[in-house]
Every structure is written in structure tokens, then in C-alpha cells.
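Colleague: I would like to learn how to read a model like this one. Could you take me through it feature by feature?

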Amino acid sequence: MADMKCNVAVVYMHDHLDGDLAREEMKQLQQHLSECPSCYTRYESLERTDALVRALPIEKAPDDLSARIMKSLPSRRRPAAWTSWVRRHPAVSAAAIFMVVMLSSFVSMWNQSQEFSVSGPDLEHVIIEGKNVIVPEGQKVSGNLTVVNGDVQVLGDLDGNLTVIDGHLTPLASTAHIAGEIKTIDRAVDWFWYKVSSFFGTLAYGS
């Protein structure tokens, strides 16, 4: 028996069936098969199996197989049009978002400011009846007076500014005197600018 071992012979068998075995190696394999009945039997079995496989008809894939596979694949998600626009215009997008936030904040503040309120440093001389605020005749109110969501009637002396927000100011009586400015804010835009100016006034003067 040649020096070739059986495990090497098995490798040579497969290479031979695949057509990859060199001539010299083929001679060695043939010599081993002639001297080793076990490997010879194995080789014959492999040879018959290989012949059987090669004899099987080759099934041709349908012509539309590729198209059907491609169609069954999930379609690639395309980015929404608005996201592309945002990427192309970052500054405008940031400004738009800022305006939306400001508008939302403004609407929230407006909804929260529907309650009646009176503010000022000298409310002792002011009469409040329900949502009616009265500066009585013969009385002097020192400082600014601000009324929100109420009606105001001035019969006496107001030594300051009068601001009426979302309310009604009764025409001044002949006995009335207001030393400062009179502001009536009934619209949302005016109210908004009043809030903005008050905010910056607080920042500038601290009160």
C-alpha cells in the first residue's frame, strides 16, 4: 500500500470529482485506491452520487423572479418634504419655532388673565363692588391704578396713571382728576404689547 493516508485520499477524491486534482496527485490516488478496498468503495459511492447530481435537470428560475423579489422588499423610506425644507432653511425654521413658542406663551398668558384684579399702592381709598372699581368723589388715590377685567369709574382724584385692561372706563365726571396717563387696553395685541413693555420696563427699572 502506498504511503498516502486514507484521509488524504478522501480529499483527493473530492478534488478529482471537482476536476481540480493534478496529474501526479491523480496517480497517487489511483495507486492508493488499487491497494485500499475501503477507499475504493468510498470513491465509487462518491462517483455515483456525483454522476447522479450532474444528471439532474437544472431548474430555470422564472424570468420575473428578480422583479418579484425586488418588489417584495420594503421600500426605502423617503424623508418628509417638510424635514427637507427645515434642513435647507435652518434660520427661518428657528425663527418660525420661536414665533410659535411666543404665540403659545401669549395665548396661555391671555387665557390666564381673564380674572378680575385691581392693583396699586393706594387701594385704601378705592371702592370695589364686584367688578366695579370706583374712585369716590372727594377722595385722592396716590400712585398708579390698574384694573383688569373690571369697570372703572373715577369721581375723585387719581395722582398717577390709570390702566384699564379688558374692561370699561366710565366717562370722567366733572369732579374727576387724573394726573397721569389713561390707558385702556381691550384688544389682545394691545394687551400683548402692554405685557412686553411692562416686562422690559421691569428689566430696565426693576419695578
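Modeller: Gladly, and let us begin with burial: a residue is buried under 20% relative accessible area, exposed over 50% and partly exposed in between, using a 1.4 Å probe and protein chains only. This is a predicted model, in which local features need pLDDT of at least 70 and side-chain atom pairs count only at pLDDT 80 or more, while totals for chains, interfaces and linings use all residues. Residues are numbered from 1 along each chain as its sequence is written, and side-chain values use heavy atoms, with hydrogens and water left out.

Colleague: Is Asn-149 buried or exposed?

Modeller: Asn-149 counts as buried, because its relative accessibility is 9%. Its place is in the loop between strand 5 and strand 6. Helices (H or I, at least four residues) and strands (E, at least two) are DSSP runs, numbered from the N terminus. Look at the backbone too: Asn-149 is not a glycine, yet has a positive phi of about 60 degrees.

Colleague: What is the phi of Asp-166, and where does this residue sit?

Modeller: Asp-166 has a positive phi near 50 degrees, again in a residue other than glycine. You will find Asp-166 in the loop between strand 8 and strand 9 (168-169). Asp-166 counts as partly exposed, because its relative accessibility is 30%.

Colleague: How many helices and strands does the protein chain have, and what share of its residues is buried?

Modeller: The protein chain has seven helices and 11 strands. Of its 207 residues, 23% are buried. The chain exposes about 15100 Å², with carbon and sulfur atoms supplying 57% of that area; accessible areas come from the Shrake-Rupley method with a 1.4 Å probe, and for residues only the protein chains shown count as cover.

Colleague: What counts as a nonpolar core, and which residues touch the most other members of the largest one?

Modeller: A nonpolar core is a set of buried Ala, Val, Leu, Ile, Met, Phe, Trp, Tyr and Cys residues joined through side-chain atoms within 4.5 Å. The largest here has 15 residues, and those touching the most other members are Val-133, Leu-145, Val-147, Val-152, Val-154, Leu-158 and Leu-162. Strand 3 (132-135), strand 5 (145-148), strand 6 (151-154) and strand 8 (162-165) each supply at least two residues of this core. Apart from it lies another core, of 11 residues, including Tyr-12, Leu-33, Cys-36 and Cys-39.

Colleague: Which residues is Leu-145 in contact with, leaving aside its neighbours within four places in sequence?

Modeller: Contact means heavy atoms within 4.5 Å. With those neighbours left aside, Leu-145 contacts Val-118, Ser-119, Leu-123, Val-133, Val-135, Leu-158, Asn-161, Leu-162 and Thr-163. For the chain as a whole, take the contacts between residues at least 6 apart in sequence: 28% of them join residues at least 24 apart.

Colleague: Where is Ser-117, and which residues does it contact beyond four places in sequence?

Modeller: Ser-117 is in strand 1 (residues 117-119). Beyond four places in sequence, Ser-117 is in contact with Thr-146, Val-147 and Val-148. The C-alpha atoms of Ser-117 and Val-148 are separated by 5.1 Å, although these residues are 31 apart along the chain. Ser-117 counts as partly exposed, because its relative accessibility is 34%.

Colleague: At what angle do the axes of helix 2 and helix 3 cross?

Modeller: Axes are lines fitted to C-alpha atoms, for helices over the stretch in contact, and angles run from 0 to 180 degrees between N-to-C directions. Angles under 35 degrees count as roughly parallel, over 145 as roughly antiparallel, 65 to 115 as roughly perpendicular and the rest as oblique. The axes of helix 2 (residues 23-35) and helix 3 (residues 37-55) cross at roughly 115 degrees and come within 5 Å. Helix 2 is therefore roughly perpendicular to helix 3.

Colleague: Which residues meet there?

Modeller: From helix 2, His-32, Leu-33 and Glu-35 meet Pro-37, Cys-39, Tyr-40 and Tyr-43 of helix 3. The residues of this contact divide into five nonpolar, one polar and one charged. In that scheme Ala, Val, Leu, Ile, Met, Phe, Trp, Tyr, Cys and Pro count as nonpolar, Asp, Glu, Lys and Arg as charged, and the others, Gly among them, as polar.
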